[in-house]
Amino acid sequence: MNQSIKNERQSKPMVVVAIVALMSFMGVLTETSMNVTFPALMREFHVSLSTVQWVTAGYLLMAALVMLTSAYMKRRFTNRQLFTAAAILFSVGDIICGAAFNFPILLIGRLIQAGCVGLCTPLMVNIILDVVPPQKLGTYIGLANLIILVAPAMGPTFGGAVVAFASWRMIFWLTLPLAIILLVMGAKQIKQYSPVENQYAFDWTRFIILGLSLVSLIVGLNNLGSGNYIVFGGLILLSIILTSMFVRLSKNATKALFSLAVFKEKSFLYSFLPYIMLQFANVGINFLLPNYVQGVFQASSLVGGLILLPGSLLNSFGQPIYGWMLDNFGGKLPLYLGDILFTGSLLGLALFGPQLGVWGVTIAYLIFAVGRSMAFGNSVAFGLKHINKDFQNDANALYNTGQQVTGAIGTTVLALLMGSVNRGDYTKAQNISAGSQLAFILLVFFGLIIFMLFYRLLNIKSNQKMG
């Protein structure tokens, strides 16, 4: 690496990371804000709930597809080019959504905006890998996650306030000036910290096949929730066939996408699996608990949202502390402690849920959120610390894509379990409680599996005297 690149690596890395993270924050903020606008959108555009949900589902799916390309993008384009493209996509999406005169136009705008999160979230981690020494990796990833994770806590409140006092369109018009400011700041501050490679052609065949596989999977699961079992079975079978085709083609691939060889890295495998299971649990439980307290304890929708607020705030603002724990005490403390808190809170909900009341569920979620976030960010940071440098970009692409996909799956699966008990001798509250208990038990098993995976991960590093 030449002297100029070395100098750039040493110049204000956190400023650059903050700019990229704030752009990703904007994408997450609009995503979570839109969740509370569904009734208004249904009235204005005369669409059903199953249709309007694609504002979120389509957004997440498109973000996942863009994230699949991040390993190739990092090698092929400069950091500034990627950030500029992300900011422009967000701004164009803002304009289209703000001016949308029908639902298809709104959906197109949301799909365009998804490119912002799809580009910026992996870019943020890739820049950290370029400029931050391994011994500080946990702290910096924690600081970056702090910026992004504040958005889900603020989003519903921001969106609700905008709809109450103005129009849902103002969500986009209010964020547009901020996106333009970040675009200008990024053009000045973001530098290149590693050489760009131009010799690789993008593998469109593998990308399309894997993209269709993911679309089939998500749409299939949505049909399962609607009771369309034949469509569900056909789409899941199609997803399996397409995934098998992707794996076969990847064995002899000469064009660039990402390398499946990263799965041979045990540090990646044993950190990736806990990471996506924790995301499955997080997104699913964030859907389940507000509906749980409303259905079981007859709480209002406002209370249903507020029970998540304390945990969400600790989830966000605790990120730098959890990363600092990893950097200063190694992986055992934050990974094991995080999983114990995660599993223990879910076990409490499974055993005593109906007796806890609203305050008990709020405290259980607070413990869940602390444990989940402690293990979640650090599983990636620990894995990236010990993965072969040549595979870090590929690993980052898969971490981010897996997070998006399993989050969407988590909501669907836990919703199905929540509504799976329909005994005639039960009240509605008792049926919801019994179905939710099945969901809690499933997540307890996830916690036990995660503990074993963390043991394997830490044992690998211990044997190599690296962890």
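This is a predicted model: local features need pLDDT of at least 70, side-chain atom pairs count only at pLDDT 80 or more; totals for chains, interfaces and linings use all residues.
The domain assignment divides the protein chain into domain 1 (12–189), domain 2 (204–256) and domain 3 (261–460). Between the C-alpha centres of domain 1 and domain 2 there is a separation of 25 Å, and the contact between these two domains involves six residues of domain 1 and nine residues of domain 2.

Helix H18 (residues 392–418) packs against helix H8 (residues 103–131) at an angle of about 145°, the axes of the two helices being 10 Å apart, and the crossing of H8 and H18 is right-handed. On the H8 side, the contact is formed by Thr121, Pro122, Val125, Asn126 and Leu129, which meet Gln392, Asn393, Asn396 and Asn400 of H18. By class, the residues of this contact comprise three nonpolar and six polar, with no charged residues.

For helix H13 (residues 266–297), the axis comes within 7 Å of that of H18, and the two axes cross at roughly 35°. The crossing of H13 and H18 is likewise right-handed, and the contact of H13 with H18 contains 18 nonpolar and 10 polar residues, whereas charged residues are absent from it.

In helix H15 (residues 309–317), the buried residues are Gly311, Ser312, Asn315 and Ser316. Viewed down the axis of H15, these buried residues fall within an arc of 130°, so they line one face of the helix. In general, residues three or four places apart in an α-helix point the same way, because such a helix has 3.6 residues a turn.

Notes: Residues are numbered from 1 along each chain as its sequence is written. Side-chain values use heavy atoms; hydrogens and water are left out. Axes are lines fitted to C-alpha atoms, for helices over the stretch in contact, and angles run from 0 to 180 degrees between N-to-C directions. Helices (H or I, at least four residues) and strands (E, at least two) are DSSP runs, numbered from the N terminus. A crossing is left-handed if the near helix is turned anticlockwise from the far one by less than a right angle, and right-handed if clockwise. Contact means heavy atoms within 4.5 Å. Ala, Val, Leu, Ile, Met, Phe, Trp, Tyr, Cys and Pro count as nonpolar, Asp, Glu, Lys and Arg as charged, and the others, Gly among them, as polar. Buried means under 20% relative accessible area, exposed over 50%, partly exposed in between (1.4 Å probe, protein chains only). The arc is that of the directions from the helix axis to the C-beta atoms. Domain bounds come from an automatic or database domain assignment.
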